[in-house]
Amino acid sequence: MDTAADPHVVQVRRLHKKTSKEDLQAFAAPFGAVARINIFYGWGQGIVEMENAGAAAALLAAYADAPPRVRGKEVVLSSGVAARADQIFKQSPANPAYVQKEVARCVSDMLKVVEVKEIRRAANELRAKHNALIREYTRELEASGRQRNDVCWEWITTGLCPQEQNGEACPYAHQLVPVCDLPARYRWWLRKDTFPAQREVGPYKKAM
Ligand SMILES: [Zn+2]
């Protein structure tokens, strides 16, 4: 580095890629007035220039022992040098290329939010429909009086009951019952055992 460190300047490294100037402003402001902030996206670095050297020193001293967090990520502080004129121009509203890039970024961010919200809304709608259907099936089954909750799932799915294997009495019925008499939320268990013995014991089996 050809320039000696400027006492007004604090360099911040290992920034989160979504760190904004506002994040750094809020981070440095409690220590004194901030003169200028430059962020070098892609390098994960920023330059915070304080109005006076005392504020910069206070900022460095405050985090001498434990590194601070900016936007939820641990960053590294050190003394640095002020941004060059060309670096400042790169992030200045007077630079048409910068304005164009910022507008494109903001618009795509907005579109992403809309997209995500739409996907979530559609998923919620589908889930609500599905749950309503299941509730209706369950209600019909309960009303019919045929519902069976007392069957032994281990015995049905594997043919062996662990309780019997251990010599204990099984509180559930060892009996095959028609699928339509089972509560709807249990029916998919009978479709296919996706956790065969070679792999692992399925979570639902553990739960039972
Ligand atoms: Zn059993």
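What follows is a chat about the fold and packing of one predicted chain.

Q: Before we dig in, what kind of model is this, and which pLDDT cut-offs apply?
A: This is a predicted model, where local features need pLDDT of at least 70, side-chain atom pairs count only at pLDDT 80 or more, and totals for chains, interfaces and linings use all residues. Residues are numbered from 1 along each chain as its sequence is written.

Q: OK, how many helices and strands does the chain have?
A: The chain has 8 helices and 6 strands. Helices (H or I, at least four residues) and strands (E, at least two) are DSSP runs, numbered from the N terminus. Along the sequence the pattern reads β-α-β-β-α-β-β-β-α-α-α-α-α-α.

Q: What's the strand order in the open sheet?
A: The open sheet has 4 strands in the order β2-β3-β1-β6, with antiparallel pairing. β2 and β6 are the edge strands, each pairing on one side only. Neighbouring strands are turned by 20° against each other on average, direction ignored. Pairing here takes at least two bridges found by DSSP between two strands.

Q: How many bridges join β2 to β3?
A: There are 6 bridges between strand β2 (residues 34-40) and β3, which run antiparallel. One of the residue pairs is Arg 36 with Glu 49 in β3. The hairpin of β2 and β3 has 4 residues between the strands, and Gly 42 there takes a positive phi near 95°.

Q: And which residues in β3 are the bridge partners of Val 10 and Val 12?
A: Val 10 has Val 48 as its bridge partner in β3, while Val 12 has Gly 46. β1 and β3 pair in the antiparallel sense over 4 bridges.

Q: What about β1 and β6, over how many bridges do they pair?
A: Over 5 bridges, again in the antiparallel sense. Val 10 stands opposite Ser 79 in β6.

Q: Let's stay on Ser 79. Where is its place?
A: Ser 79 is in strand β6 (residues 76-80). Because it has 16 C-beta neighbours inside 10 Å, Ser 79 counts as partly exposed. For the cut-offs: buried is 20 or more other C-beta atoms within 10 Å of a residue's own, exposed is 12 or fewer, and partly exposed is in between, with C-beta atoms placed from the backbone.

Q: What does Ser 79 touch?
A: Not counting residues up to four places away in sequence, Ser 79 touches Ala 5, Val 9, Val 10, Gln 11 and Leu 60. Contact takes C-beta atoms, placed from the backbone, within 7 Å. The C-alpha atoms of Ser 79 and Gln 11 are separated by 5.6 Å, and the two are 68 residues apart along the chain.

Q: Switching to helices: which residues in α1 are buried?
A: Leu 24, Phe 27 and Ala 28 are buried in α1. Seen down the axis, the buried residues of α1 fall within an arc of 85°, so they line one face of the helix. The arc is that of the directions from the helix axis to the C-beta atoms. On the other side of α1, Glu 22 and Gln 25 are exposed.

Q: What do those buried residues of α1 pack against?
A: They pack against β1, β2, β3, α2 and β4 (69-70). α1 lies across β1, β2 and β3, running at about 135° to β2. α2 packs on the sheet too, touching β1, β3 and β6, and its direction makes about 35° with that of β1. Axes are lines fitted to C-alpha atoms, for helices over the stretch in contact, and angles run from 0 to 180 degrees between N-to-C directions.

Q: Which residues of α2 are buried?
A: Ala 55, Ala 56 and Leu 59 are buried in α2 (residues 53-62). They cover an arc of only 100° around the axis, which puts them on the same side of α2.

Q: Why is β3 largely enclosed?
A: Because 5 of the 6 residues of β3 are buried.

Key: Two residues are in contact if their C-beta atoms, placed from the backbone, lie within 7 Å.
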